[in-house]
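Welcome, and take a moment to look at the sequence and the model.

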Amino acid sequence: MCADDEVSLLVIVVDVNPIWWGQQAQREPEFTLSKCLDAVMVVGNSHMAMARTNKLAVIASHCQDSHFLFPSKSWRGADNGGDDASSSGDGKYELLSVANNLIAEEIRNVMSKSEYKGNSTETLLAGSLAKALCSGQEMKSRILVIKAAEDCARQYMNFMNVIFAAQKQNILIDACVLDSDSGLLQQACDITGGLYLKIPQKVALGQYLLWVFLPDLEQRSQLVLPPPAHVDYRAACFCHRNLIEIGYVCSVCLSIFCNFSPICTTCETAFKIQLPQMVKPKKKKLKQPT
Amino acid sequence: MASLSEEVLLVVKKVRQRKQDGTLYLMAERIAWGPEGKDRFTVSHLYADIRCQKISPDGKAKVQLQLVLHSGESTTFHFANESTALKDREAAKELLQQLLPKFKKKANKELEEKNRMLQEDPVLFQLYKDLVVSQVISAEEFWANRLGGVTNTDPAQYKYKQEVGISGAFLADIRPQTDGCNGLRYNLTADIIESIFRTYPAVKQKYNENVPHNLTEKEFWTRFFQSHYFHRDRINTGTQDIFSECAKQDEKGLKSMVVQGVKNPLVDLLSLEDKTLDEGYGVCGAQPSTSNSNRTVKESSNYAIIKRFNHHSAMVLAAGSRKGETPTDQASETSSTDGNSRDSDFFQPPVKKVKLQEEYEDLQQENRPKTVPLNLKKSDRYAHGPVPLQSQQYTTSQDIINSVNYIQHEMANYKPNLTQVLSSTVATSAISALSPGGVLMQAGAQQAINQMVPSEVQGELKHLYVAAGELLRHFWSCFPVNTPFLEEKVIKMKSNLERFQLTKLRPFQEKIQRQYLSTNLTGHLEEMLQTAYNKFHIWQTRRMMRKT
């Protein structure tokens, strides 16, 4: 382990979409949100135990908002009396038990308080990532996203902005995907240099997290880890939303089309294309016989 | 033998070379010597090959001229004509001095440019080594496209070269050193001589007239410095001085400059007169007249100094703008001294008609080009990412409510149970999936090609690609084949490609086969070459068909 005094922050963003987790609990009762959170706590504890200067933050990403599970506002640090802190009774490192208790408390608050309004079923991941970025400003930090529900197409712009901001600040984004592949997270990992993994067994989440996502960037170069996935960077045409490899781009508004049309439908510019000129066949003069 | 079209600039008879009598010919591009009585030249050197010339010192009996070539060889010519040996040699030397610089720069410049380009760009250097040194293509073809900048714009480059100006203090810088006993040594360098000639064309003219016929250079300059022309108080224009004419010309020149007036009509110098209030305040009395008789000695010497300073400064500035057209300028200078020449007429109308520039361009509002505003009708298209429209899984509101309730119920009593996170079977299956060869590690085996191939092989492959790319570029640029030159080039390039494949590609392939690298590294290169061959074949058959 490196004996740096540098503070290293790990931000874990957990997707706690209640709809997905509720359905998941009914599908697979052996792996529920509780189990997932247990695994997250294990990784968080491990990270804090690796070095004294390591720090942890956990954000829960919900349908309507995102909350910091740890460190939370009610945490007073060492000033806390000690009754709650040492209630685990198993001689655990105090920081770890405090953290675990806080996380548990907060998640209970989050899940119980949220009155479900509207019909948005998507996780606000972009917002959580933005919060994670803000918290990791002064120190070396990385973000681990545990994703459950599907991608939300509406968050695309915000997502990309967050990804590029992370890249500029040299913050890695790792992704551990439980259910369906997420193109946005694949791009995020590719651009920032993190690892993307879709795990085949949800029950073994803890093992995957410890094996793949616990080591930080310098340590990863010494380990044999799953290779980076091939990312599909194709653009989608504006007219049909098909992913295309070759297309036409309007030079005025930069919108992409799969077929040529003389007028761009986004900015209404008219284009003229020069057709190849027709060569008129020359009539040969017949030689007059003398 | 000299071709008839060569222009002979100088012929010197009775020049011995290697103890043989003969004649020396200086032509437009070369110098040649032929023995007496014979028609042909035994010695012939291009000016471009000559590095420098040397002459024997003045005191020696033998009057010789030696040419040193770039290759190190030297040829010596002995001027054996008793009466005119020295003169002949000087004439030859002068001519060579003029001609050599012209040719020297051209040859060296190209080589220098090539060397510089090769040194600056290691990729180019490697390409050169791969293609030219191994004789895949010739050096001329290699440099054909790259040296366009040097050879084509040679005259233009000289045009844009900045001319060196003249320092205003060049005369003062020749500090005379005392020679010990009452003499003065003036150290004249070629630069100073050039400055003097450029500033004072009159002196140059005198030099051309008198040297080398009447005076030697040394004598000329000695007289120059001795003359009152050079010294401070130029009141007495000396009698026997060859420079007295110069002084008179200078005065005329100065007068004409004054008459020409100030070029900038906005600066009204005439109004800057000394206004006298009264006797004792400011300058009083009549303005100094230009006739010598009215002046006191002191006044006139001051006047002379100031006049000389002004004249010197004016000449230095004029020399900077003259740019080598000395004869015509001198003619114009002397011609404009007839009082009101056309030059002074030229300047009168603008003085009256000039107006102050009332509008300054950079203080006005910027005239930006007219732009068309961007008019986006459907800007929400940009916000949508490259996620194809898929039918989202439809969840009924009942499902939603159910799920939410379930999860809330579950999490209400959440207590972390960290000892039961993993069971050993689950953990081992995860580990096996993550180990090399496991489910998740499959893609890695195919992507490690750059780890399997050693870096020297990779480097060689890169060089091969660069070289092949260069050859293919030449090849494909020949199409469509319109001119006979392109036809030849296409055929040549095809043979170059074949030679490249034989001498470079095949050995590389064999080498990697010997190293048991099963990866097909050269497949793409072969494909590119084959496409080129196919194209050539098609073109050739078409050409045959057209001919028959």
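## A tryptophan and its neighbours

B:W476 is partly exposed, because its relative accessible area is 35%; here buried means under 20% relative accessible area, exposed means over 50%, and partly exposed lies in between, with a 1.4 Å probe and protein chains only. B:F475, by contrast, has a relative accessible area of 0% and is therefore buried.

The rings of B:F475 and B:W476 have centres 5.4 Å apart and planes at 85 degrees, so this pair is edge-to-face. B:F475 also pairs with B:F479: their ring centres are 5.4 Å apart and their planes stand at 65 degrees, so this pair is edge-to-face too. Rings of Phe, Tyr and Trp (its six-membered ring) count as a pair if their centres lie within 6.5 Å, and planes under 30 degrees apart are stacked, over 60 edge-to-face and the rest tilted. Both B:F475 and B:F479 are buried. Over all chains, a search of the whole structure finds nine aromatic pairs. In chain A, ring pairs join A:W20, A:W21 and A:F31 into a cluster.

## How to read the model

This is a predicted model, in which local features need pLDDT of at least 70 and side-chain atom pairs count only at pLDDT 80 or more, while totals for chains, interfaces and linings use all residues. Residues are numbered from 1 along each chain as its sequence is written, chains are lettered from A and ligands numbered from 1 in the order in which they are written, and side-chain values use heavy atoms, with hydrogens and water left out.

## Chain A in outline

Chain A has eight helices and ten strands; these are DSSP runs numbered from the N terminus, with helices being H or I of at least four residues and strands E of at least two. Of its 290 residues, 48% count as buried. Among the contacts in chain A with a separation of 6 or more, 64% come from residues 24 or more positions apart, where contact means heavy atoms within 4.5 Å. Chain A exposes about 15,400 Å², and carbon and sulfur atoms supply 54% of that area; accessible areas come from the Shrake-Rupley method with a 1.4 Å probe, and for residues only the protein chains shown count as cover.

## A covered helix and a surface patch

On the surface, A:Y248, A:F260 and A:I273 form a nonpolar patch with about 320 Å² of accessible area together. A:I273 sits in the segment after strand 10 (256-257) of chain A, and counts as exposed because its relative accessibility is 54%.

## A buried leucine in chain B

B:L505 belongs to helix 20 (residues 484-514) of chain B. Is B:L505 buried or exposed? B:L505 counts as buried because its relative accessibility is 0%. Leaving aside residues up to four places away in sequence, B:L505 touches B:L464, B:F500, B:T522, B:L525, B:E526 and B:L529. The C-alpha atoms of B:L505 and B:A468 are 9.4 Å apart, although the two residues are separated by 37 residues along the chain.

## Backbone details

One runs from A:F70 to A:P71, with omega near -10 degrees, and A:P71 is in the loop between strand 3 (66-70) and helix 3 (94-113) of chain A. Another runs from B:F479 to B:P480, also with omega near -10 degrees; B:P480 is in the loop between helix 19 (455-477) and helix 20 of chain B.

A:R241 is not a glycine, yet has a positive phi of about 65 degrees. A:R241 lies in the loop between strand 7 (235-236) and strand 8 (243-244) of chain A, and is buried because its relative accessible area is 10%. B:K19, likewise not a glycine, has a positive phi of about 65 degrees. B:K19 is in the loop between strand 1 (8-17) and strand 2 (20-27) of chain B, and is exposed because its relative accessible area is 73%.

Terms used:
Patches are made of residues with over 30% relative accessible area and no salt bridge: like charges are joined within 9 Å, nonpolar side chains (Val, Leu, Ile, Met, Phe, Trp, Tyr) within 5 Å. A salt bridge is a side-chain nitrogen of Lys or Arg within 4 Å of a carboxyl oxygen of Asp or Glu.
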